[in-house]
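Here is a friendly walk through one protein chain. Have the picture open as you read, and look up each part as it comes along.

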Amino acid sequence: MRAVPRSWLFVPGDSEKKLLKTPETGAHALIIDLEDAVALSAKPTARRMTRDWLEAHKLQITMRKQARWVRINAVDTGMWQEDLAAVMAGAPEGIMLPKAEGPDQIRQVAAEIYELEQRHGIPNGQTRLLPLVSETPRAALTISAYMDASMPRLAGLTWGAEDLSAELGASRKRDSEGQWTDPFRFVRAQTLLVAHARGVWPIDTLYADFRDEDGTRRAAEAARADGFAGMLAVHPSQVPLINEAFTPTEEELGAARAIVDTFAANPGVGALQLNGRMLDQPHLKQAKAVLGID
Ligand code: COA
Ligand code: MG
């Protein structure tokens, strides 16, 4: 399995057609949705279809290196236990928790997952968790609570703009220049910083206008440039744009190699220069990250 899935594609759990399409999307991770993309009346069907899909793609998907994730319903809906009971039989790599309210909820869900891992013979701790940390104003103001609390299953943090926007009664999420407005910049920055502080994956939110290729590409490039490890997607057409944005260009690889080589050629030197540019330890760290070396 890839270390960090870059592209995370949502797929409604009750759509047979879309579930069938998943292997050809090229998404590094698939998030089969039981929450907002599924009508209340369709939840039981979606649970069954999602479990079947997980079972059917266990081997095939692992070989193609596509991670199988499921978004369950929020804790306060009372539906999340039924969701987990249905899908854990298919041993998903992870569970996305929407409208997450903090570490206590993560531990509550983790305890349930623990029981189900036992029941289904899944190694203890294998199932990871990815919360959506920004979907209510209260949650958005307490993202830093994820920094230190004990949550061994936590794989990363991600955020969403749609639900928070509805809670705020905001009529816009981006300004006339396409930049996030203040509440969204605030939660995006917190998600990024807290995930890095904790050492888990920071995953940027989706670009909702999926027919806008340039917008999706710009959002994915900004995500990587700002330090996110991956990004959510709603439509297969966004997946190659995200994968490409997160792949270093030849130019970036060359520049990173030159930095690493310069330090290697000057052992014991902390700061030096390359083509008139000062280089010190953060530059070396950044260059190694681009090359994927420690
Ligand atoms: N996963 C897998 N396949 C998808 C897909 C997805 N998320 N979105 C679209 N497709 C498929 C369609 O079924 C269609 O297949 P076809 O060529 O065999 O007919 C093809 O890709 C092109 O789709 P298109 O016609 O452009 O879009 P649509 O009108 O069928 O669907 C959405 C648009 C937004 C409803 C759809 O992309 C979707 O369901 N996205 C995910 C929604 C979701 O899970 N939201 C929750 C998180 S915010
Ligand atoms: Mg939502």
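Buried means under 20% relative accessible area, whereas exposed means over 50%, and partly exposed covers what is in between. Keep in mind that this is a predicted model.

**A buried threonine**

Is threonine 216 buried or exposed? Its relative accessible area is 0%, so threonine 216 is buried. You will find threonine 216 in helix α9. Which residues does threonine 216 touch, leaving out those up to four places away in sequence? They are Tyr207, Asp209, Phe210, Met231, Gln238 and Leu241. Serine 237 is 21 residues from threonine 216 in sequence, and the C-alpha atoms of the two are 9.5 Å apart in space.

**The sheet**

Next, turn to the strands. In general, the strands of a sheet pair through backbone hydrogen bonds, and the pairing can be parallel or antiparallel. How many strands form the open sheet here, and in what order? There are eight, running β5-β4-β3-β2-β1-β8-β7-β6, and their pairing is parallel. At the edges are β5 (128-131) and β6, each of which pairs on one side only. On average, neighbouring strands of this sheet are turned by 25° against each other, with direction ignored.

For a closer look at one pair, take strand β4 (residues 94-97), which pairs with β5 over four bridges in the parallel sense. Isoleucine 95 has leucine 129 in β5 as its bridge partner.

**Helices and their neighbours**

Helices also lie against the sheet. Helix α2 (residues 43-56) lies across β2 (29-33) and β3 (67-71), and it runs at about 170° to β3.

Now for a pair of helices. As a rule, two packed helices are described by the angle between their axes and the distance between the axes. For helix α4 (residues 80-87) and α5, the axes come within 10 Å and cross at roughly 30°. Angles under 35 degrees count as roughly parallel, and that makes α4 roughly parallel to α5. The crossing of α4 past α5 is right-handed. Which residues meet there? From α4 come Trp80, Gln81, Leu84 and Ala85, and from α5 come Gln108, Val109, Glu112, Ile113 and Leu116.

**Salt bridges**

How many salt bridges does a search of the whole structure find? The answer is 19.

| Salt bridge | Distance, N to O |
|---|---|
| Glutamate 117 and arginine 153 | 2.8 Å |
| Aspartate 204 and arginine 188 | 3.1 Å |
| Arginine 224 and glutamate 252 | 3.2 Å |

Take the salt bridge between glutamate 117 and arginine 153. This pair links distant parts of the chain, 36 residues apart: glutamate 117 is in helix α5 (residues 103-119), and arginine 153 is in the loop between α6 (137-140) and β6 (156-158). Glutamate 117 has 0% relative accessibility and so counts as buried. Arginine 153 counts as buried because its relative accessibility is 8%.

Aspartate 204 and arginine 188 form another salt bridge. Aspartate 204 lies in strand β7 (residues 201-204) and arginine 188 in helix α8 (residues 182-198), so this pair ties together parts that are 16 residues apart in sequence. With 4% relative accessibility, aspartate 204 counts as buried. Arginine 188 counts as buried too, at 14%.

The salt bridge between arginine 224 and glutamate 252 joins two helices. Arginine 224 lies in helix α9 (residues 213-226) and glutamate 252 in helix α11 (residues 250-265), so parts that are 28 residues apart in sequence are tied together. Arginine 224 counts as partly exposed, at 23% relative accessibility. Glutamate 252 is partly exposed as well, with a relative accessible area of 33%.

Asp33, Glu35, Asp36, Arg71, Lys99 and Asp163 are linked in a network of them.

**Two positive phi angles**

One member of that network, lysine 99, has a phi near 50°, a positive value in a residue other than glycine. Lysine 99 sits in the loop between β4 and α5, and at 22% relative accessibility it counts as partly exposed.

Where is alanine 91? It is in the loop between α4 and β4. Alanine 91 has a phi near 45°, again a positive value in a residue other than glycine. Its relative accessible area is 13%, so alanine 91 is buried.

Terms used
Residues numbered from 1 in each chain as written. Chains lettered and ligands numbered in written order. Predicted model: local features only at pLDDT ≥ 70, side-chain atom pairs only at ≥ 80, totals over all residues. Heavy atoms only, no water. Salt bridge = Lys/Arg side-chain N within 4 Å of Asp/Glu carboxyl O. Buried < 20%, exposed > 50% of the residue type's maximum accessible area, 1.4 Å probe, protein only. Pairing = 2+ DSSP bridges. Axes fitted to C-alpha atoms, helices over the stretch in contact; angles between N-to-C directions. Contact = heavy atoms within 4.5 Å. Parallel < 35°, antiparallel > 145°, perpendicular 65-115°, else oblique. Left-handed = near helix turned anticlockwise from the far one by under 90°.
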